[in-house]
Amino acid sequence: MTEHIAIVGGGTGGTVLANDLADRLGTELDAGDVRVTLINDDPDHVYKPVWLYVPFGQRELADGRRPLAELVDDAVDLRIDRVTDIDTDAQELQYREGESEAYDHLVLATGSTLAPDEIPGLNDAGHDYYSESGATALREELLSFTEGRIVLSVIGTPHMCPAAPLEFVFMLDDWFRERGLREDVDITYTYPIQRVHGNPHIAEWARPLMDERGIEVETFFNADAVDPDAQTLSSMEGTDLEYDLLVSIPPHRGVDLIAEAGLGDKGWVDVDRHTLEATGAQNVYALGDTADTGVPNAGSVAHYQAGVVGQRLASEVHGRPATATYDGKTLCFIETGMDSASFVEFDYENPPSPAPPSQKLHWSKLGYNEAYWLTARGLL
């Protein structure tokens, strides 16, 4: 009988895992003893970090898209479809046309979705670079913006790419300086807790840079409403901020599928943070944004977690105890301007210590973005 591994979600985690399993289980796949299916509701794989550069005219949306069929090993069955229900007791998936399919092992890599509707007025007034449409609309706004106040408000946490809000205001500051407009543009950054980033070490590093560059900061600012007519952003703490251009990090949620399957609240799967096994079902793993581990929702996390899950699944297929564990490893380049960046690496035990910003690290980040497509194919 063929053992079936189903992966739901074709983002970084799901794609890297599918190729990892094709490598680890090549013999079993060739013999028909194992089948790996990658299920995604979009024929394209999207590399979202590219969107940060779109508002500044440095990248196009097409730079962040590739057909999944070009990235996934031929030994993997690629199914472009939507999973509408998961029965973890029967170990069965249901698709949108009513067809069902059994699995022996399930990996959920369904990622994050934006939920701007949770904040009254945000859909009508806010811009973002966490979506393709948002990034292109923001580009048009920035090109015509010559004076006034820009507010970057981190409304939802956790969110994809935790460093991106800091990167955006650092790049924004530098971008307006290069155009000779910075004296006419005020930049305000808000964060919902009493520091500028969720990680205290990164916050301690970033705040002096913001102060040096004249980026105004409002911490403990939990935005709860936007008035598009008055152009004000209000917080539940009672603070109102006026803006001429509002850029937000909208609330994030997982997919309803996860909560409906009883695997976790708000679309995040409750997991053992070391093994990445779901705590509410047997033979289910989660990785990337989908796994509620407490580590940042970053692409590098999904990449490292995919390797761990791949090793564990291969051990299980081979009838051996699964011993591979995830140690919380995360690495991230942080843009500090249009031509400089920092770098952090940390895990569950070792906190981040950001490197001094340099042009070399900036080019390293751009180089990684280009090499990402090799990573997704499992070649790096």
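This dialogue walks through several features of one predicted model and shows how each can be read.

Q: What should I know about the model before I start?
A: The model is predicted, so local features need pLDDT of at least 70 and side-chain atom pairs count only at pLDDT 80 or more, while totals for chains, interfaces and linings use all residues. Residues are numbered from 1 along each chain as its sequence is written, and side-chain values use heavy atoms, with hydrogens and water left out.

Q: How many residues does helix α6 have, and what should they span?
A: Helices (H or I, at least four residues) and strands (E, at least two) are DSSP runs, numbered from the N terminus, and the expected span of a helix is 1.5 Å times one less than its number of residues. Helix α6 (residues 164–178) has 15 residues and should therefore span 21 Å, which agrees with the 21 Å between its end C-alpha atoms. Just after α6, glycine 180 takes a positive phi of about 70°.

Q: Is α1 mostly covered or mostly uncovered?
A: A residue is called buried under 20% relative accessible area, exposed over 50%, and partly exposed in between (1.4 Å probe, protein chains only). By that rule α1 is mostly covered, with eleven of its 13 residues buried, among them Val16, Leu17 and Leu21. For α6, 13 of the 15 residues are buried, so this helix is largely enclosed by the rest of the structure.

Q: Where does glycine 98 lie?
A: Glycine 98 lies in the loop that joins β7 (92–95) to β8 (100–102), and because its relative accessibility is 44%, glycine 98 counts as partly exposed. Its C-alpha atom is separated by 33 Å from that of threonine 27, which is 71 residues away along the chain.

Q: Which residues does histidine 4 touch?
A: Contact means heavy atoms within 4.5 Å. Histidine 4 is found in strand β1 (residues 3–8), and at 4% relative accessibility it counts as buried. Leaving aside residues up to four places away in sequence, histidine 4 touches Arg35, Thr37, Glu101, Ala102, Tyr103, Asp104 and His105.

Q: With which side chain does histidine 4 make a polar contact?
A: A polar contact is a pair of N or O atoms within 3.5 Å; within protein, one must be able to donate a hydrogen and the other to accept it, and residues adjacent in sequence count only if both atoms are side-chain atoms. The side chain of histidine 4 makes such a contact with the side chain of threonine 37, at 2.8 Å.

Q: How many salt bridges does a search of the whole structure find?
A: Side chains of opposite charge can pair when their charged atoms come close. A salt bridge is a side-chain nitrogen of Lys or Arg within 4 Å of a carboxyl oxygen of Asp or Glu, and the search finds 22 of them. In one of these, the side chains of aspartate 42 and arginine 65 meet at 3.5 Å, N to O. Aspartate 42 lies in the loop between β2 (34–40) and β3 (44–46) and arginine 65 in strand β4 (residues 65–67), so the pair ties together parts that are 23 residues apart in sequence.

Q: What separates arginine 177 from aspartate 173 along helix α6?
A: These two residues are four residues apart in helix α6, which means about one helical turn separates them, and their side chains meet in a salt bridge (2.9 Å, N to O). Arginine 177 is partly exposed, with a relative accessible area of 42%, whereas aspartate 173 is buried, with 2%. Elsewhere, salt bridges that share partners join Asp42, Asp44, Arg65 and Glu132 into one network.

Q: What domains does the domain assignment give?
A: Domain bounds come from an automatic or database domain assignment, which here gives domain 1 (3–112 + 254–317) and domain 2 (131–251). Their centres, taken over C-alpha atoms, are separated by 32 Å, and the contact takes 17 residues from domain 1 and 18 residues from domain 2.

Q: What area is buried between domain 1 and domain 2?
A: Buried area is the accessible area (1.4 Å probe) that two parts lose on being put together, summed over both. Between these domains it is about 1,600 Å², of which carbon and sulfur atoms give 71%. In domain 1, Leu52, Pro55 and Phe56 lose the most area to domain 2, together 40% of what that side buries. The rule also finds two salt bridges across this interface.
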